[in-house]
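Open the model in your viewer and keep a selection tool at hand. The stops below can be taken in order.

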Amino acid sequence: MTTGKINVSVENIFPLIKKFLYSDHEIFLRELISNGTDATLKLKHLISIGEAKVEYGNPIIEIKIDKEGKKIHIIDQGLGMTADEVEKYINQVAFSGAEEFLDKYKDSAKDSGIIGHFGLGFYSAFMVAEKVEIFTKSYKDEPAAHWTCDGSPEFTLEPTDKTTRGTEIVLHIAEDSLEFLEDSKIYELLNKYNKFMPIPIKFGTKTETLPKPEDAPEDYINETIELDNIINNPNPAWTKQPTELSDEDYKSFYRELYPMQFEDPLFNIHLNVDYPFNLTGILYFPKLGSDMQIQKDKIQLYQNQVYVTDNVEGIVPEFLTMLKGVIDSPDIPLNVSRSGLQADGAVKKISNYITRKVADKLKALFNENRADFEEKWNDIKIVLEYGMLSEDKFYEKAGAFFLYPTVDNTYFTLEELKEKIKENQTDKDGKLVVLYAGNKDAQHSYIETAKEKGYEVLLLDSPIISHLIQKIEGDNTGLSFVRVDSDHIDNLIKKDENTISKLSDEEKEALKTSLEAYIPKAYSVQLEAMDSQAAPFIITQPEFMRRMKEMSQSGGSGMFGMGNMPEMYNLVVNTNSELATNILNTEDKTHQEHLVKQALDLAKLSQNLLKGEALTAFVKRSFEMIK
Ligand code: ADP
């Protein structure tokens, strides 16, 4: 037997490991299974190049819990180690790695800046074990070795009688980590970190009932057999070529990834690139609707089929973090902090690649089956809008497939829309005016009025639409967006209006004075001679002010700094309406006030502006009037 001292400068490295990585103790299992997987794949490689002359067989990795003995066993059938190799790889490589790690991350490791604490390796075993044993037999014809270490830098190394090839790691679980002796805990960890690792992982057995033979007698009792319980899928969809996969394969992989998701994804994007960086993966567009709530099933990041994290911030462009799926890349540096990640050139390339792939896929979907694309529009638009606002590259590409739906569910691209409205929707500066509604119900009367005039009205109802409109207008598109209830709409609606005013200038002056006496200050009164059938009172809002207010509310652009902008409205009064004449001719001041207030309330009501106390008073007053 050899005993010795591991050559580390830190007197006792293990308390440090525990301390720095306290929150992530559970990753020990991932690290040890990764080592077993590496050892198995290395053996496969050596056999394939003729270096190792042994049978590969069907190697698996087995996890066993010995609750009474307070031990966890991790057993692989990989290439194993000779005593010399244990000396070299465990005592030197593994522990120099530990030291280096601690040195580098003494400060940052605490704030968990390092992604998934990846690459901790063998010594992460000491986060949960007070003593670790290795029983290992190399594929080479050499005696097996047994290494023990109790967490101090002293170790022992002696021959042992293990006859099967491979390595068994035995963890003597420390008192503060006994939770890891629970089957359910280990199962949870395997499911989280190892679900798609390339070598089958066995955890316990499962009983399977054999089918009844054809000639079985009446009282036949079905036979059962014990099978290895393999917890992982070693060949997940993203490791395959897109040509090998059907639509159904993609969907079933989605369910495998998110067993609690019952809704199918809308479509998927298979990522597959090996130059200038390596990346595979499948992204899914889920049904999103227009709510931007944080999803719990997030994109998962893997490295060579080993789960790392589901926080892909900095790797995947922000607007795509609403998608689901996996990305797997060995080229994403994981031993750096998030901010380090953002500065990394390779990561930036990866992020740009993903953006481009998503844009290309959307364009292809649009071109291949426009009707289907339109059907999905409501569920995908929010991601696209967000992408157009946050990524200029995406904005440029999105022109080809971004759609503008009308209130009647016709979908236009921007080019098509321009073509459609160029005849009769220009303002006095010659700009094309895009009329839109934000809410079909709330703006119903305005939409109807605009439609009667033959205008196209879009339905743009996302919470961030004001930001996007602002961007599109500023982009030299020659377009001016105007919401149907906005004051700017007058430019349009009045254009073809040659209606003559029934009231004289003096009468108008008198009407305005009466109105202003009863109307709150937030409204500016505007008299218009319209069709006598048009609504007598119409409330409009200045487009610019309303949009700015919306933008400051939906966040994103703190730069506007207009958190508390005042409400401003225009009250447009149709001087040709009977009501206008009525108000003007009413001698009794109290009655006149009644008329004005009731009319204003009705106008407010039609725009969803009448709320709370004012609404209650209005309803009460109206009942009084008809009783
Ligand atoms: P890394 O895996 O990053 O090299 P580790 O500290 O995990 O670092 O392991 C150090 C070395 O020990 C490995 O490179 C490998 O040579 C050896 N090793 C660890 N686990 C096993 C195993 N299960 N089978 C064979 N060799 C192993």
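A residue is called buried when its relative accessible area is under 20%, exposed when it is over 50%, and partly exposed in between, with a 1.4 Å probe and protein chains only. The model is predicted, so local features need pLDDT of at least 70 and side-chain atom pairs count only at pLDDT 80 or more, while totals for chains, interfaces and linings use all residues. Residues are numbered from 1 along each chain as its sequence is written, and side-chain values use heavy atoms, with hydrogens and water left out.

**Stop 1**

Select N409, in the loop between β15 (404-405) and β16 (411-412). Helices (H or I, at least four residues) and strands (E, at least two) are DSSP runs, numbered from the N terminus. N409 counts as exposed because its relative accessibility is 54%. Its phi is positive, about 65 degrees, although N409 is not a glycine. Most residues other than glycine have a negative phi, and most peptide bonds are trans.

Next select Q305, which sits in the loop between β12 (300-303) and β13 (306-309). The phi of Q305 is also positive, near 70 degrees. Is Q305 buried or exposed? With 13% relative accessibility, Q305 counts as buried.

**Stop 2**

Go to H270 in strand β10 (residues 267-273). H270 is buried, at 10% relative accessibility. Which side chain makes a polar contact with the side chain of H270? The partner is Y250, at 2.7 Å. A polar contact is a pair of N or O atoms within 3.5 Å; within protein, one must be able to donate a hydrogen and the other to accept it, and residues adjacent in sequence count only if both atoms are side-chain atoms. Show K240 as well: its backbone oxygen is 3.4 Å from a polar atom of the H270 side chain.

Then move to P276, in the loop between β10 and β11 (279-285). The peptide bond between Y275 and P276 is cis, with omega about 0 degrees.

**Stop 3: the ligand**

Select the ligand and display the residues around it: N35, A39, K42, D76, L79, M81, Y89, I90, A94, G121, F122 and T167.

- N35: a polar side-chain atom is 2.8 Å from an oxygen atom of the ligand.
- D76: an N or O atom of the side chain is 2.9 Å from a nitrogen atom of the ligand.
- F122: a backbone N or O atom is 2.9 Å from an oxygen atom of the ligand.

On its own the ligand exposes 530 Å², and the protein buries 78% of that. Accessible areas come from the Shrake-Rupley method with a 1.4 Å probe; for residues, only the protein chains shown count as cover. Colour α2 (27-48) and α3 (83-105), the elements that give two or more residues to the shell.

**Stop 4: salt bridges**

How many salt bridges does a search of the whole structure find? The search finds 31. A salt bridge is a side-chain nitrogen of Lys or Arg within 4 Å of a carboxyl oxygen of Asp or Glu.

Select D392 and K471, whose closest N and O atoms are 3.0 Å apart in a salt bridge. D392 is in helix α9 (residues 392-398) and K471 in helix α12 (residues 465-473), so the pair ties together parts 79 residues apart in sequence. K471 is partly exposed, at 24%.

Now select K418 and E415, which meet in a salt bridge of 3.8 Å, N to O. About one helical turn separates K418 and E415, because they are 3 residues apart in helix α10 (residues 414-421).

In helix α17 (residues 589-606), select K597 and E593, 4 residues apart. Their salt bridge has its closest N and O atoms at 2.9 Å. K597 is partly exposed at 36%, and E593 is partly exposed at 29%. Finally, show E473, E543, R546 and R547, which salt bridges with shared partners join into one network.

**Stop 5: a buried lysine**

End at K376, in helix α8 (residues 370-390). K376 counts as buried, at 17% relative accessibility.

Notes:
A residue is near a molecule or strand if one of its heavy atoms lies within 4 Å of it.
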